[in-house]
Amino acid sequence: MQIIASTGGKGGTGKTTFAILLAFKLVKEGKKVVLCDCDIECPNCYIILNQELKNGDSLFRFFPELDRDKCKKCGLCSKVCKENAILWVRDKFPIFFKEICSCCGACWIVCPNNAIKKKAEEAGKVFYNKINENFWLVTGVSNEKISETGPLVRQVKEKAINLAKRIDADFLIIDTAPGTHCNVIQALMNCDKVYAVTEPTPLGAHDLKLILELIQKLGLKAEIVLNKAGLGKDELIEKIAKQFETKISFRIPYSEDLMKAYSRKELHKVEIL
Amino acid sequence: MKIVIASGKGGTGKSMIASSLAILISKKRKVVACDCDVDAPNLALWLGITKFDEIKKISVSQKAFINQEICKRCGKCKEYCQFFAIEKVNEEFKVNQFLCEGCGVCKIVCPFNAIELREVESGEIRINYSAYDFPVISGFLYPGQTGSGKIVELVKKEIERFEYEIAILDAPAGLGCPVIAALKDADYAILVTEPSPTAFLDLKRILKLVNHFNLQYGVVINKFDLNEKISDEIESFVSKNLLGKIPYDKRIVDCLISLKPAIFVKEVEKKIKIMLSELFSRI
């Protein structure tokens, strides 16, 4: 099985569109494909594929919970918390701010009085949709107010890998979030090939450099997808492709028909790759 | 007053609108523009800035390092790491620097004191004056580093160095830590969406976060004429919170290519001015 990612740095360049077009192309060629939506803060593949998210499995994270009977108000928990998610004032109980808690566990490990319990809470969900005999979708969704989404992406991806192995899929396609931080890194780790989807504008070019730099640092193989080709200045992207010695594998011309197919949820009718 | 521009979905036009607003507001009031999209900072480009006068290197996180000579290979660090950052490679435990969040749990649990935390350079804060004579502050996270939310907090601290009436903060896509950091203690949120089923869904998602912070907000539908049916649906969903609608105009891309702000297109300027007076009537 080959694991392929669709990423891009900048938002709105067409990561999801490309991931879905690629999935349909491979399915039409007779391959078995699992598409995994790892943009768990804003997953959109299922909308474009006209699916509903039902009966998902919960994803858990451990959050600290204070046992006031045991707490001696020493403040050690607050001192070790690198996220500054625990506020402590002398002679007062510490206050925990869940929105910035990364669930690292330092507080309950150091508490000398065993006053901090780790409490499993649902932080997100994973859903499975069978689109057809040879095409499955796995969608991760994080709950709002969950700040650290990287470890959840890892869980979603592992579940997609398990499914892909079980059904003996040929390809696992990973659709990542925009950006270059932990949620994207978790999605990219160990992929066999990464497509960086970009657009021919100075913004697309600027962010393409950043994502290519990241892919290189992670030791992964990158190829470029130039989406909305002809809309701006294609040379901007060609220059970067040369600089990074990376191939432009696909050029998808700017087309209002494609945009319409996207918003009408009819990407399966498009043959453009 | 701090106004945050956010959207959930990427590529809806946050930076285009943030830069246009900053320029128009700066004609009458003191403005600071601030790019909180530290993963892919594009606001400065929209304001024609490609070089920065002031660049401060910053460290917002630490990384764990295992001293292999002291390590007894007990594996406790790997067991306790919540970020899957410790891997066993040929009997040795190694920290994957891309996944380490620097929380220090491994150092705490190591019975042999074999792990130390070291500060790492995580990114930059870049400052320059735009051609419209207001400061632009950009946060930048080095690709592969962690701590985007913390960089956003530092960027927000820099704002206070300047005298301003209105700070415009351009948030990243998504709902995670850098977005939460941008929205925290803001006074108003402008949510930018476009008429696609996905952007509409992501608008509903970001609204949950905005409501959690009890923020006053207004919605802008960008490229509304690309799908008037969905645009109407969004309009009736947000009802009185609609701030304005901006038509799709290919000349906006042409502006971008020549590093000129979108309001060089007169029709766009007109629409954004209308939106702005609507905004000021509300705040």
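Author: Let's start on the outside of the helix. The face of H10(B) turned away from its buried side carries the exposed residues B:Lys266, B:Lys270, B:Ile274 and B:Ser281. Keep in mind that this is a predicted model.

Now for the helix as a whole. H10 of chain B runs over residues 266-282, which makes 17 residues. From its first C-alpha to its last it reaches 25 Å, close to the 24 Å expected at 1.5 Å a residue.

Next, turn to the other side. Which residues of H10(B) are buried? They are B:Val268, B:Glu269, B:Ile272, B:Met275, B:Leu276 and B:Leu279. If you look down the axis of H10(B), these buried residues fall within an arc of 125°, so they line one face of the helix. Here's a handy bit of background: an α-helix has 3.6 residues a turn, so residues three or four places apart point the same way.

And what do the buried residues of H10(B) pack against? In chain B, their partners are the strands S1 (2-6), S11 (188-193), S12 (216-222) and S13 (242-246), along with the helices H1 (14-26) and H9 (250-257).

With that picture in mind, hop over to chain A, which has nine helices and 11 strands. Its C-alpha trace spans about 65 × 40 × 30 Å along its principal axes. Of the 273 residues of chain A, 59% count as buried.

One of those buried residues is A:Thr180, with a relative accessible area of 1%; the cut-off for buried is under 20%. You'll find A:Thr180 in the loop between strand S8 (171-175) and helix H6 (182-188) of chain A. Leaving aside neighbours within four places in sequence, A:Thr180 is in contact with A:Ile185, A:Leu210, A:Ile211 and A:Leu214, and also with B:Asp39, B:Pro143 and B:Gly144 from chain B.

A:Val89 is partly exposed, with a relative accessible area of 48%. Together with A:Leu87, A:Ile95 and A:Phe97, A:Val89 forms a nonpolar patch on the surface, with about 340 Å² of accessible area between the four residues.

How values were computed: Residues numbered from 1 in each chain as written. Chains lettered and ligands numbered in written order. Predicted model: local features only at pLDDT ≥ 70, side-chain atom pairs only at ≥ 80, totals over all residues. Heavy atoms only, no water. Helix = DSSP H or I, 4+ residues; strand = E, 2+ residues; numbered from the N terminus. Expected span 1.5 Å × (residues − 1). Buried < 20%, exposed > 50% of the residue type's maximum accessible area, 1.4 Å probe, protein only. Arc of directions from axis to C-beta. Contact = heavy atoms within 4.5 Å. Patch = residues over 30% accessible without salt bridge, like charges linked within 9 Å, V, L, I, M, F, W, Y side chains within 5 Å. Areas by Shrake-Rupley, 256 points an atom, 1.4 Å probe, with all protein chains shown as cover. Salt bridge = Lys/Arg side-chain N within 4 Å of Asp/Glu carboxyl O.
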